[in-house]
Amino acid sequence: MIYFDNAASTKPDLDILEKYRQINEELYANPSSLNNFSKHCEHLFNQTKHQILSSLNLKNDYDVIFTSGASESNSLALIGYVIKNIKKGDNIIVSEVEHASILNASKYLSEKYNIKVSYLKIKSDGQYDVEHFKTLINKKTILVSLMLVNNEIGTIYDMSKIKEILKEYPDVIFHSDAVQAIGKINYDYNLFDMFTLSGHKIHSMKGQGALILKKNLQLSPLIFGGNQQENIRSGTLDLANAYCLNLAIKKAIKEIDIHQKNVQLIHDKIFKYLKNNGDLYELNSKIDDLCYILNFSFKHKKASVMCEALSLKGIQTTTVSACSSHVDSSSYVVKALGKNESIYKNTLRISFSKYNTLKEADEFIDAVETLNMEIKDER
Ligand code: PLP
(Lines give C-alpha, C1' and ligand atoms only; values in the text may rest on other atoms or scores of the structure.)
Protein backbone atom coordinates (compact mmCIF):
# COMPACT_ATOMS: atom_id res chain seq x y z
CA MET A 1 0.00 0.00 0.00
CA ILE A 2 1.10 3.54 -0.71
CA TYR A 3 -0.21 5.82 2.01
CA PHE A 4 -0.51 9.40 0.74
CA ASP A 5 -3.09 10.65 3.28
CA ASN A 6 -0.78 11.79 6.05
CA ALA A 7 -2.44 15.18 6.55
CA ALA A 8 -5.48 13.21 7.71
CA SER A 9 -3.55 10.86 9.98
CA THR A 10 -0.02 9.44 10.22
CA LYS A 11 1.31 6.00 11.04
CA PRO A 12 2.27 5.89 14.73
CA ASP A 13 5.96 5.26 15.42
CA LEU A 14 6.65 1.88 17.03
CA ASP A 15 8.68 3.35 19.89
CA ILE A 16 5.76 5.62 20.75
CA LEU A 17 3.28 2.74 20.68
CA GLU A 18 5.62 0.74 22.89
CA LYS A 19 5.95 3.63 25.35
CA TYR A 20 2.16 3.91 25.51
CA ARG A 21 1.84 0.23 26.36
CA GLN A 22 4.66 0.41 28.92
CA ILE A 23 3.26 3.44 30.75
CA ASN A 24 -0.20 1.92 30.93
CA GLU A 25 1.34 -1.29 32.22
CA GLU A 26 3.65 0.27 34.80
CA LEU A 27 2.46 3.80 35.63
CA TYR A 28 -1.28 3.43 35.83
CA ALA A 29 -1.95 5.35 39.05
CA ASN A 30 -4.25 8.36 39.03
CA PRO A 31 -1.79 11.30 39.13
CA SER A 32 -4.18 13.34 41.30
CA SER A 33 -4.37 10.87 44.21
CA LEU A 34 -2.29 11.39 47.33
CA ASN A 35 -0.23 8.17 47.53
CA ASN A 36 3.39 8.01 46.48
CA PHE A 37 2.75 6.02 43.31
CA SER A 38 0.31 8.76 42.20
CA LYS A 39 2.76 11.49 43.15
CA HIS A 40 5.40 9.85 40.99
CA CYS A 41 2.95 9.81 38.06
CA GLU A 42 2.02 13.44 38.71
CA HIS A 43 5.69 14.39 38.73
CA LEU A 44 6.17 12.70 35.32
CA PHE A 45 3.02 14.38 34.01
CA ASN A 46 4.34 17.82 34.97
CA GLN A 47 7.76 16.99 33.54
CA THR A 48 6.05 16.09 30.28
CA LYS A 49 4.44 19.54 30.14
CA HIS A 50 7.77 21.27 30.68
CA GLN A 51 9.43 19.16 28.02
CA ILE A 52 6.75 20.07 25.48
CA LEU A 53 7.22 23.77 26.21
CA SER A 54 10.97 23.36 25.89
CA SER A 55 10.76 21.35 22.60
CA LEU A 56 8.64 24.16 21.18
CA ASN A 57 11.12 26.78 22.44
CA LEU A 58 8.42 28.61 24.36
CA LYS A 59 9.14 31.16 27.04
CA ASN A 60 8.11 30.16 30.55
CA ASP A 61 4.82 32.05 30.53
CA TYR A 62 3.04 29.23 28.66
CA ASP A 63 1.08 26.24 29.92
CA VAL A 64 -0.12 23.02 28.24
CA ILE A 65 -3.70 21.81 28.45
CA PHE A 66 -3.93 18.22 27.21
CA THR A 67 -7.05 17.42 25.21
CA SER A 68 -8.46 14.60 23.10
CA GLY A 69 -7.21 16.20 19.89
CA ALA A 70 -7.10 19.36 17.85
CA SER A 71 -10.87 19.59 17.40
CA GLU A 72 -11.27 19.80 21.16
CA SER A 73 -8.34 22.22 21.50
CA ASN A 74 -9.78 24.53 18.84
CA SER A 75 -13.24 24.40 20.40
CA LEU A 76 -11.76 25.10 23.83
CA ALA A 77 -9.68 28.00 22.55
CA LEU A 78 -12.61 29.73 20.87
CA ILE A 79 -15.61 28.84 22.99
CA GLY A 80 -13.69 28.67 26.29
CA TYR A 81 -12.02 32.04 25.77
CA VAL A 82 -15.02 33.89 24.37
CA ILE A 83 -17.51 32.72 27.02
CA LYS A 84 -15.14 33.70 29.82
CA ASN A 85 -14.30 37.07 28.29
CA ILE A 86 -17.59 38.01 26.69
CA LYS A 87 -17.78 41.29 28.60
CA LYS A 88 -14.63 42.53 26.81
CA GLY A 89 -16.18 42.51 23.30
CA ASP A 90 -18.40 40.63 20.91
CA ASN A 91 -16.34 40.15 17.76
CA ILE A 92 -13.95 37.41 16.71
CA ILE A 93 -12.04 37.01 13.45
CA VAL A 94 -11.33 33.66 11.83
CA SER A 95 -10.26 32.94 8.27
CA GLU A 96 -12.61 31.47 5.69
CA VAL A 97 -10.22 28.54 5.16
CA GLU A 98 -10.06 27.21 8.73
CA HIS A 99 -10.65 23.59 9.69
CA ALA A 100 -14.28 22.71 10.48
CA SER A 101 -13.51 22.68 14.21
CA ILE A 102 -12.83 26.43 14.09
CA LEU A 103 -15.62 27.25 11.65
CA ASN A 104 -18.23 25.28 13.59
CA ALA A 105 -17.10 26.59 16.98
CA SER A 106 -17.43 30.10 15.54
CA LYS A 107 -20.90 29.33 14.22
CA TYR A 108 -21.87 28.03 17.66
CA LEU A 109 -20.66 31.25 19.28
CA SER A 110 -22.58 33.30 16.76
CA GLU A 111 -25.82 31.35 17.20
CA LYS A 112 -25.77 30.82 20.98
CA TYR A 113 -23.90 33.88 22.24
CA ASN A 114 -24.60 36.44 19.55
CA ILE A 115 -20.91 36.83 18.79
CA LYS A 116 -20.16 38.60 15.52
CA VAL A 117 -17.86 36.36 13.54
CA SER A 118 -15.82 38.06 10.81
CA TYR A 119 -14.34 35.82 8.12
CA LEU A 120 -10.96 36.84 6.74
CA LYS A 121 -10.56 36.26 3.01
CA ILE A 122 -7.54 34.79 1.30
CA LYS A 123 -6.03 36.18 -1.91
CA SER A 124 -5.53 34.18 -5.11
CA ASP A 125 -1.96 33.39 -3.98
CA GLY A 126 -3.48 31.65 -0.94
CA GLN A 127 -2.18 34.18 1.62
CA TYR A 128 -4.40 36.05 4.07
CA ASP A 129 -5.70 39.33 2.69
CA VAL A 130 -4.09 41.79 5.09
CA GLU A 131 -6.02 44.78 3.73
CA HIS A 132 -9.24 42.91 4.43
CA PHE A 133 -8.00 42.10 7.94
CA LYS A 134 -7.54 45.82 8.62
CA THR A 135 -11.21 46.38 7.82
CA LEU A 136 -12.38 43.58 10.13
CA ILE A 137 -10.49 44.32 13.34
CA ASN A 138 -11.98 46.86 15.72
CA LYS A 139 -12.26 47.78 19.39
CA LYS A 140 -14.86 45.05 19.95
CA THR A 141 -12.59 42.28 18.65
CA ILE A 142 -11.48 39.96 21.45
CA LEU A 143 -9.97 37.02 19.59
CA VAL A 144 -8.33 36.30 16.23
CA SER A 145 -7.84 32.70 15.15
CA LEU A 146 -5.82 32.05 12.00
CA MET A 147 -4.36 28.71 11.00
CA LEU A 148 -0.61 28.53 10.39
CA VAL A 149 -0.55 25.93 7.61
CA ASN A 150 -3.57 25.01 5.54
CA ASN A 151 -4.54 21.36 5.77
CA GLU A 152 -6.03 21.15 2.27
CA ILE A 153 -3.52 22.95 0.07
CA GLY A 154 -0.47 23.40 2.32
CA THR A 155 -0.18 27.22 2.29
CA ILE A 156 2.26 28.40 4.96
CA TYR A 157 0.67 31.64 6.08
CA ASP A 158 2.78 34.73 6.54
CA MET A 159 1.72 36.08 9.93
CA SER A 160 4.17 39.00 10.09
CA LYS A 161 1.81 41.74 8.85
CA ILE A 162 -1.12 40.40 10.89
CA LYS A 163 1.09 40.47 13.98
CA GLU A 164 2.13 44.06 13.15
CA ILE A 165 -1.53 45.14 13.04
CA LEU A 166 -2.29 43.25 16.25
CA LYS A 167 0.34 45.36 18.06
CA GLU A 168 -2.18 48.19 17.90
CA TYR A 169 -4.72 45.92 19.65
CA PRO A 170 -2.79 44.51 22.63
CA ASP A 171 -5.92 43.09 24.28
CA VAL A 172 -6.84 40.92 21.29
CA ILE A 173 -5.88 37.28 21.83
CA PHE A 174 -4.15 35.60 18.88
CA HIS A 175 -4.83 31.87 18.50
CA SER A 176 -3.53 29.61 15.74
CA ASP A 177 -4.44 26.12 14.63
CA ALA A 178 -0.86 24.90 14.12
CA VAL A 179 -1.76 21.23 13.58
CA GLN A 180 -0.18 20.96 10.12
CA ALA A 181 2.85 23.08 11.04
CA ILE A 182 4.17 21.30 14.13
CA GLY A 183 7.19 19.20 13.21
CA LYS A 184 7.03 20.33 9.58
CA ILE A 185 8.34 23.90 9.70
CA ASN A 186 10.70 25.68 12.06
CA TYR A 187 8.61 28.38 13.69
CA ASP A 188 8.62 30.73 16.65
CA TYR A 189 5.37 29.84 18.39
CA ASN A 190 5.89 32.63 20.94
CA LEU A 191 4.05 34.71 18.33
CA PHE A 192 0.73 33.31 19.53
CA ASP A 193 -1.19 33.64 22.79
CA MET A 194 -2.66 30.18 22.20
CA PHE A 195 -2.10 27.44 19.64
CA THR A 196 -3.40 23.99 18.88
CA LEU A 197 -1.64 20.73 18.04
CA SER A 198 -2.60 17.11 17.50
CA GLY A 199 -0.76 13.82 18.16
CA HIS A 200 -1.96 11.68 15.28
CA LYS A 201 -0.61 14.14 12.70
CA ILE A 202 2.94 13.64 14.01
CA HIS A 203 3.22 9.86 14.27
CA SER A 204 1.60 9.49 17.66
CA MET A 205 -1.92 8.28 18.38
CA LYS A 206 -5.44 9.57 17.85
CA GLY A 207 -7.06 10.98 20.96
CA GLN A 208 -4.04 13.14 21.84
CA GLY A 209 -4.01 16.90 21.50
CA ALA A 210 -3.02 20.03 23.31
CA LEU A 211 -3.93 23.65 23.61
CA ILE A 212 -0.83 25.63 24.50
CA LEU A 213 -1.69 28.94 26.04
CA LYS A 214 -0.29 31.88 27.97
CA LYS A 215 -0.64 31.25 31.69
CA ASN A 216 -2.51 34.48 32.36
CA LEU A 217 -5.41 33.61 30.04
CA GLN A 218 -8.79 32.83 31.56
CA LEU A 219 -10.88 30.16 29.83
CA SER A 220 -14.22 28.61 30.71
CA PRO A 221 -14.08 24.82 30.71
CA LEU A 222 -16.03 22.80 28.17
CA ILE A 223 -15.68 19.62 30.25
CA PHE A 224 -16.62 19.66 33.92
CA GLY A 225 -15.34 17.35 36.63
CA GLY A 226 -12.62 17.25 39.26
CA ASN A 227 -10.99 20.56 38.30
CA GLN A 228 -7.86 18.98 36.81
CA GLN A 229 -5.61 20.97 34.45
CA GLU A 230 -6.15 24.38 36.07
CA ASN A 231 -9.91 23.74 36.00
CA ILE A 232 -9.81 24.34 32.25
CA ARG A 233 -10.10 20.69 31.23
CA SER A 234 -11.31 18.20 33.81
CA GLY A 235 -10.87 14.44 33.61
CA THR A 236 -8.30 12.03 35.08
CA LEU A 237 -4.84 13.06 33.94
CA ASP A 238 -3.68 10.69 31.20
CA LEU A 239 0.05 10.21 31.66
CA ALA A 240 0.49 7.73 28.80
CA ASN A 241 -1.16 10.02 26.25
CA ALA A 242 0.66 13.11 27.51
CA TYR A 243 4.00 11.30 27.56
CA CYS A 244 3.57 9.97 24.00
CA LEU A 245 2.48 13.35 22.69
CA ASN A 246 5.59 14.83 24.26
CA LEU A 247 7.79 12.17 22.62
CA ALA A 248 6.18 12.75 19.24
CA ILE A 249 6.64 16.54 19.43
CA LYS A 250 10.26 16.16 20.53
CA LYS A 251 11.05 13.73 17.70
CA ALA A 252 9.17 15.68 15.04
CA ILE A 253 10.92 18.94 15.87
CA LYS A 254 14.36 17.38 16.19
CA GLU A 255 14.00 15.61 12.84
CA ILE A 256 12.33 18.42 10.82
CA ASP A 257 15.25 19.04 8.49
CA ILE A 258 16.10 15.38 7.86
CA HIS A 259 12.57 14.36 6.87
CA GLN A 260 11.83 17.58 5.04
CA LYS A 261 14.65 16.88 2.54
CA ASN A 262 13.23 13.47 1.64
CA VAL A 263 9.63 14.66 1.45
CA GLN A 264 10.63 17.66 -0.68
CA LEU A 265 12.08 15.29 -3.33
CA ILE A 266 8.89 13.23 -3.41
CA HIS A 267 6.76 16.37 -3.58
CA ASP A 268 8.85 18.00 -6.30
CA LYS A 269 8.79 14.92 -8.51
CA ILE A 270 4.98 14.74 -8.47
CA PHE A 271 4.61 18.53 -8.66
CA LYS A 272 6.80 18.61 -11.78
CA TYR A 273 4.78 15.83 -13.42
CA LEU A 274 1.48 17.63 -12.73
CA LYS A 275 2.85 20.95 -13.95
CA ASN A 276 4.18 19.42 -17.16
CA ASN A 277 0.75 17.98 -17.87
CA GLY A 278 -1.30 21.13 -17.47
CA ASP A 279 -3.83 19.88 -20.02
CA LEU A 280 -4.86 17.17 -17.53
CA TYR A 281 -4.29 18.72 -14.10
CA GLU A 282 -4.71 22.05 -12.34
CA LEU A 283 -2.31 22.61 -9.45
CA ASN A 284 -4.03 24.12 -6.41
CA SER A 285 -0.87 24.06 -4.26
CA LYS A 286 2.10 26.26 -5.12
CA ILE A 287 5.72 25.13 -5.32
CA ASP A 288 6.63 27.00 -2.11
CA ASP A 289 3.73 25.63 -0.05
CA LEU A 290 4.43 23.04 2.62
CA CYS A 291 6.01 20.09 0.80
CA TYR A 292 4.00 17.61 2.88
CA ILE A 293 0.71 18.57 1.18
CA LEU A 294 0.02 18.65 -2.56
CA ASN A 295 -3.42 19.49 -3.91
CA PHE A 296 -4.52 19.40 -7.53
CA SER A 297 -7.67 18.99 -9.62
CA PHE A 298 -8.45 16.76 -12.55
CA LYS A 299 -9.52 18.81 -15.56
CA HIS A 300 -11.48 16.03 -17.26
CA LYS A 301 -12.21 13.40 -14.60
CA LYS A 302 -14.28 13.25 -11.46
CA ALA A 303 -11.83 13.41 -8.54
CA SER A 304 -13.94 11.06 -6.43
CA VAL A 305 -13.80 8.41 -9.17
CA MET A 306 -10.03 8.83 -9.52
CA CYS A 307 -9.60 8.67 -5.74
CA GLU A 308 -11.53 5.41 -5.58
CA ALA A 309 -9.66 3.95 -8.54
CA LEU A 310 -6.32 4.89 -6.98
CA SER A 311 -7.43 3.31 -3.74
CA LEU A 312 -8.26 0.06 -5.56
CA LYS A 313 -4.67 0.11 -6.84
CA GLY A 314 -3.51 0.42 -3.22
CA ILE A 315 -2.78 4.17 -3.27
CA GLN A 316 -4.61 5.96 -0.47
CA THR A 317 -5.39 9.65 -1.06
CA THR A 318 -8.38 11.87 -0.39
CA THR A 319 -10.63 14.23 -2.27
CA VAL A 320 -10.85 16.36 0.91
CA SER A 321 -14.54 15.78 1.64
CA ALA A 322 -15.12 12.09 0.98
CA CYS A 323 -13.72 9.41 -1.26
CA SER A 324 -16.88 8.20 -2.93
CA SER A 325 -18.05 8.54 -6.49
CA HIS A 326 -21.49 9.51 -5.13
CA VAL A 327 -20.18 12.56 -3.31
CA ASP A 328 -19.00 15.89 -4.70
CA SER A 329 -15.40 16.44 -3.64
CA SER A 330 -15.94 20.15 -3.17
CA SER A 331 -13.18 22.13 -1.51
CA TYR A 332 -14.12 25.43 0.14
CA VAL A 333 -10.42 26.24 0.39
CA VAL A 334 -9.81 25.85 -3.34
CA LYS A 335 -13.04 27.78 -3.96
CA ALA A 336 -11.68 30.60 -1.77
CA LEU A 337 -8.62 30.76 -4.04
CA GLY A 338 -11.03 31.98 -6.73
CA LYS A 339 -10.93 28.81 -8.84
CA ASN A 340 -13.95 27.81 -10.91
CA GLU A 341 -16.51 25.20 -9.94
CA SER A 342 -15.15 22.36 -12.07
CA ILE A 343 -11.78 22.81 -10.34
CA TYR A 344 -12.88 23.19 -6.72
CA LYS A 345 -15.29 20.27 -7.08
CA ASN A 346 -12.59 17.92 -8.33
CA THR A 347 -9.64 18.26 -6.00
CA LEU A 348 -7.36 15.48 -4.88
CA ARG A 349 -5.08 15.94 -1.87
CA ILE A 350 -1.98 13.83 -1.52
CA SER A 351 0.01 14.23 1.66
CA PHE A 352 3.32 12.71 2.64
CA SER A 353 5.29 11.63 5.68
CA LYS A 354 8.77 10.47 6.60
CA TYR A 355 7.70 6.92 5.71
CA ASN A 356 7.12 7.68 2.00
CA THR A 357 9.73 7.05 -0.70
CA LEU A 358 10.68 8.38 -4.15
CA LYS A 359 9.75 4.99 -5.59
CA GLU A 360 6.22 5.58 -4.34
CA ALA A 361 6.17 8.93 -6.14
CA ASP A 362 7.02 7.10 -9.41
CA GLU A 363 4.34 4.51 -8.74
CA PHE A 364 1.78 7.24 -8.07
CA ILE A 365 2.63 9.00 -11.34
CA ASP A 366 2.37 5.72 -13.27
CA ALA A 367 -0.98 4.92 -11.66
CA VAL A 368 -2.48 8.35 -12.36
CA GLU A 369 -1.26 8.22 -15.97
CA THR A 370 -2.77 4.77 -16.50
CA LEU A 371 -6.08 5.76 -14.90
CA ASN A 372 -6.22 8.87 -17.04
CA MET A 373 -6.30 6.57 -20.07
CA GLU A 374 -8.56 3.89 -18.57
CA ILE A 375 -11.26 6.07 -17.02
CA LYS A 376 -13.53 7.95 -19.37
CA ASP A 377 -13.70 11.72 -19.23
CA GLU A 378 -16.72 12.86 -17.20
CA ARG A 379 -16.57 16.55 -17.80
N1 PLP B 1 -7.08 21.38 12.43
C2 PLP B 1 -6.48 21.01 11.30
C3 PLP B 1 -5.78 22.03 10.47
C4 PLP B 1 -6.51 19.66 10.90
O5 PLP B 1 -5.90 19.31 9.77
C6 PLP B 1 -7.20 18.73 11.69
C7 PLP B 1 -7.33 17.32 11.27
O8 PLP B 1 -7.73 17.01 10.18
C9 PLP B 1 -7.82 19.16 12.88
C10 PLP B 1 -7.74 20.51 13.21
C11 PLP B 1 -8.56 18.21 13.79
O12 PLP B 1 -7.64 17.36 14.41
P13 PLP B 1 -8.08 16.17 15.38
O14 PLP B 1 -8.32 14.99 14.49
O15 PLP B 1 -6.89 15.96 16.28
O16 PLP B 1 -9.28 16.58 16.12
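Here is a short chat about the side-chain contacts in this predicted model.

The model is predicted, so to speak of local features a pLDDT of at least 70 is needed, side-chain atom pairs count only at pLDDT 80 or more, and totals for chains, interfaces and linings use all residues. Residues are numbered from 1 along each chain as its sequence is written, and side-chain values use heavy atoms, with hydrogens and water left out.

User: How many salt bridges does the structure hold?

Analyst: A salt bridge here is a side-chain nitrogen of Lys or Arg within 4 Å of a carboxyl oxygen of Asp or Glu. Going by that cut-off, the structure's count of salt bridges is 19.

User: Which side chain meets Asp13 in a salt bridge at 2.7 Å, N to O?

Analyst: Asp13 sits in the loop between strand E1 (2-3) and helix H1 (14-26), and its partner is 238 residues away in helix H7 (residues 239-254). Helices (H or I, at least four residues) and strands (E, at least two) are DSSP runs, numbered from the N terminus. The partner in this 2.7 Å contact is Lys251.

User: Is Asp13 buried or exposed?

Analyst: Buried means under 20% relative accessible area, exposed over 50%, and partly exposed in between (1.4 Å probe, protein chains only). Asp13 has 3% relative accessibility, so by the cut-off of under 20% Asp13 counts as buried.

User: Which residue forms a salt bridge with Asp13 with the closest N and O atoms 2.8 Å apart?

Analyst: This pair also links distant parts of the chain, 341 residues apart. The partner lies in the loop between strand E12 (347-351) and helix H12 (358-374). The residue is Lys354.

User: Where do Lys107 and Glu111 lie?

Analyst: These two form a salt bridge, with the closest N and O atoms 3.9 Å apart. Lys107 is partly exposed at 46% relative accessible area, while Glu111 counts as exposed at 59%. They are four residues apart, about one turn of the helix, and both lie in helix H4 (residues 100-113).

User: How many disulfides does a search of the whole structure find?

Analyst: A disulfide is a pair of cysteine sulfur atoms within 2.5 Å. The sulfur of Cys41 has its closest cysteine sulfur in Cys244, 14 Å off, which is too far for a bond. Cys41 is buried at 0% relative accessible area, and Cys244 also counts as buried at 0%. The search of the whole structure comes back with zero.

User: What angle lies between the planes of Phe296 and Phe298?

Analyst: Rings of Phe, Tyr and Trp (its six-membered ring) pair if their centres lie within 6.5 Å; planes under 30 degrees apart count as stacked, over 60 as edge-to-face and the rest as tilted. The structure holds 15 aromatic pairs. Phe296 counts as buried at 0% relative accessibility, and Phe298 is buried with 0% too. Their pair is edge-to-face, 5.2 Å centre to centre, and the angle between the planes is 70°.

User: Which ring does the charged end of Lys11 sit over?

Analyst: A charge sits over a ring if NZ of Lys or CZ of Arg is within 6 Å of the ring centre and within 35 degrees of the ring normal. Lys184 does this over the face of Tyr292, at 5.2 Å from the ring centre. For Lys11, the distance to the centre is 5.8 Å, and the ring belongs to Tyr355.
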